Amino acid sequence: MLSNIGIIFSSSALLSSLILIYFSIVELKISGDKISQKIYKFSLFKLIFSLSSFLTLIAGYVYSDFSINNVYENSHTSKPLFYKISGTWGNHEGSLLLWINILVLFSFLFLVLDKNKNKNFKLLTLIFQNLLISIFFIFLLSNSNPFAPVFPVPSEGNGLNPILQDPALAIHPPLLYIGFVGSSIYFSVALASLICKIDSRSLATTLKPWVSVSWFFQTLGILVGSIWAYYELGWGGFWFWDPVENSSLMPWLLMTALLHSVLVLERKMGLYSWVIVLSIMTFTMSVVGTFLVRSGILNSVHTFASDPNRGLFILSFLLVMVFSSIFIFFRYAPSENKNYKIFSKEFFILLNNWFMIFFLAVVLIGTLYPVFLDTLTGAQISVGPPYYNFILAPFLIPLLFLMTSGPKHRWISSDFKKIFDIILFLSIISFVIIFFFIKESNLLTNLILLFSIYLIIQTIFDFYGNLKNKNINLSRIISHFGFGLLIFFISINSILSLESNFNAKIGEKKNLGNYVINFKKLETAQIDNYKSVIGHFEILNKKKSTIENLKPEIRLYNKPETITYEASINSNLFSDTYLTMSNISDTNIFNIKFQKKPFMNFIWLSVILISLGGVLKFFKIKRQI
Amino acid sequence: MLNNKTKNRLTIFVAISILTIIAIVFIFKTLEDNVLYFYSPSEISKTDEINLNNKIRIGGMVKEGSVKTSEDEIKFIVTDFKKEIIVSFQGTVPALFAEGKGVVAEGKLKDKKFFVAKRILAKHDENYMPPEIKKNLNKNAK
């Protein structure tokens, strides 16, 4: 029943989107400066149909309608309601439907909210958006139909993978998808403005709100994913340079570049073609990311379901998309005169873009190299964190320095202010004090620390300076401040982290440097849809003589029959204590991993500050309009 | 011969090309030094090329009945049904680690028959848990 309703809704949405393409093309030729009512109407229909199909799938999950194959495979009646709902997008088909829904929603918002006067420009943007929507709906209905029926109707479902039954993972995909799919708007806008020869100022004003919104959600999405990996995967890290993490980082780097270069574009100082190229690349990278995750071409913690056909579809879509945008670009690209003065603000923004592109190249090569090597030579390799750390860390120093000094320069001026000032002096003093506590011997790490402190202090000074002038660029200051903090706390965290692996029996005490770990007892509990084996540990800090109690768990889920190890984390303001346990063979000996992770909360907070810059920027744009 | 504008453009173009080439060479050089090669137990027994100081990954099945937990380590045998290799490890294993299941271990070879793992990875897409482990866990908890 629900299965048919869902198919009808999504087909109607596809149909309205095709009709919209037709109407828009017809209307391109009609003169006048208003978009006709029927386009608004059909866009609204499309939105309603599309949302209804998504709500139908959610209803299927909530009421456990196992006649829908997707629900049967990924849900179970005993699952808590919250995870029934979030299970809707915890699988490929459902998440694709979510992807399309966000695409539809963004196109609708663009139609309603964008204030650009040029009618043909808006129509063309909508045509490109609707082409994307149609293609993805066709893919959904032909290859990955979430409403595919199953017969005979099973009485019980297979259940959702327990590691996905988690609040962070319930909101992670929607956040990330808003970022990913939001970038489709700049893709369509870029192509449309090339064809309509939109001037740089109105291109910038059109792009800015969408870039800041999608960048904000992308940042938060990555953060939530990291937090999930931190407490769920049980390794105690928050970033593993896993291919799937990389594919969310790559569009982010491009969005960051775009966020900066739009500022130059806005002041009519060139970069028109560059912004267009960046916009096209960002959405391309989002699709590449989707391709990498969904095709199963990469081995990673996320690829639980994969299908070569999907990969083939996304790959051909990608090729068509890239080649047609290259064609449009070369056919319509305007010639522009660039003359930059060195040490002007736009010069620094261009440098920022160079850094972002370099980081992108590093991450892209690291992610794809194993795939190529495997195809070409058959050798199986993996690229681990050392590659990324080794190559990226040295470049953080000039990046931090440029983030500190760049914004001090004015637009189109070339006076070079002296850099040895009170701020640098304060930074060096704070660095020396910190050095006294951590006694780190690695030169590179010390330099990164020094320059991140420099950036932090500079942004604090900027904040006070601008507060007096009332001409406050709060979004830049907060984001840069957050980035300085992030690098600072990640460095401190990597220096001061402790890790210890050992085996222990119940009742045993282990001495580890400053800490004594006491494995007191084991208890079992039956909770909702799993059975839990809970270890009781007492951790004594000898120096401070404080005691922490930690309870790592081994969970036995019944549907599907899966075992998970739940880390126990005692999170204090300044430091996290992290404990996981496992048991694998026929003994009463448990494997324990004990970690001290300083400043984890500050790392999360820094990323929140970075993303906050995006929100502030968005509201600033709104006020200007 | 060349006017100023063309000269400027040419300089910028050459500078950018050189920078790009340096960046790419640098990236690939680092990449080569930092990749982890993946071997099966049979490949390890055949080749002499593996440097004992390099970190590698090995993969195969955890042999049935081979997992031993002692006071300070876990030992198990990884097999590809032709050759076997003993793996020793300290720490917690991932949830999907089990006898008769696929495993990937990251670490260094001590010799051709012995591997010291620093990290154990297991495939994620497994929806199954061997009954022995479940039984054993229940028993231990009492």
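**View 1. A strand of chain A pairs with a strand of chain B.** Strand S1 (residues 381-383) of chain A runs antiparallel to strand S1 (residues 35-39) of chain B, and three bridges hold the pairing. Two strands count as paired if DSSP finds at least two bridges between them. Ile381(A) has Tyr37(B) as its bridge partner in S1(B). Helices (H or I, at least four residues) and strands (E, at least two) are DSSP runs, numbered from the N terminus.

This is a predicted model, in which local features need pLDDT of at least 70, side-chain atom pairs count only at pLDDT 80 or more, and totals for chains, interfaces and linings use all residues. Residues are numbered from 1 along each chain as its sequence is written, while chains are lettered from A and ligands numbered from 1 in the order in which they are written.

**View 2. The interface between chain A and chain B.** Here 46 residues of chain A are in contact with 34 residues of chain B. Contact means that the C-beta atoms of two residues, placed from the backbone, lie within 7 Å. Helix H12 (residues 345-377) of chain A supplies the largest share of chain A's side, six residues. That side of chain A has 26 nonpolar, 17 polar and three charged residues. Nonpolar covers Ala, Val, Leu, Ile, Met, Phe, Trp, Tyr, Cys and Pro; charged covers Asp, Glu, Lys and Arg; polar covers the others, Gly among them. For the complex, the predictor gives an ipTM of 0.77 and a pTM of 0.90.

**View 3. Chain A as a whole.** Chain A holds 17 helices and 11 strands. Its radius of gyration is 26 Å, close to the 25 Å that the globule rule gives for 625 residues, so chain A is as compact as a globular protein of that length. The radius is taken over C-alpha atoms, and the rule is 2.2 Å times the number of residues to the power 0.38. Along the principal axes, the C-alpha trace of chain A spans about 85 × 75 × 50 Å. Of the 625 residues in chain A, 47% are buried. A residue is buried if 20 or more other C-beta atoms lie within 10 Å of its own, exposed if 12 or fewer, and partly exposed in between, with C-beta atoms placed from the backbone.

**View 4. Strand S11 of chain A and its two partners.** Seven of the nine residues of strand S11 (residues 590-598) of chain A are buried, so the strand is largely enclosed by the rest of the structure. Strand S2 (residues 498-504) of chain A joins S11(A) through seven antiparallel bridges. Asn503(A) stands opposite Asn591(A) there. Strand S10 (residues 575-582) of chain A is also antiparallel to S11(A), with eight bridges. Thr580(A) has Lys593(A) as its bridge partner in S11(A).

**View 5. Leu44(A) in helix H2.** Leu44(A) sits in helix H2 of chain A. It counts as partly exposed because it has 14 C-beta neighbours inside 10 Å. Thr367(A) is 323 residues away along the chain, and 40 Å separate the two C-alpha atoms.

View 6. The domain assignment, automatic or from a database, gives domain 1 (1-35) and domain 2 (37-126) in chain B. The mean pLDDT, the predictor's confidence in each residue from 0 to 100, is 78 for chain B.
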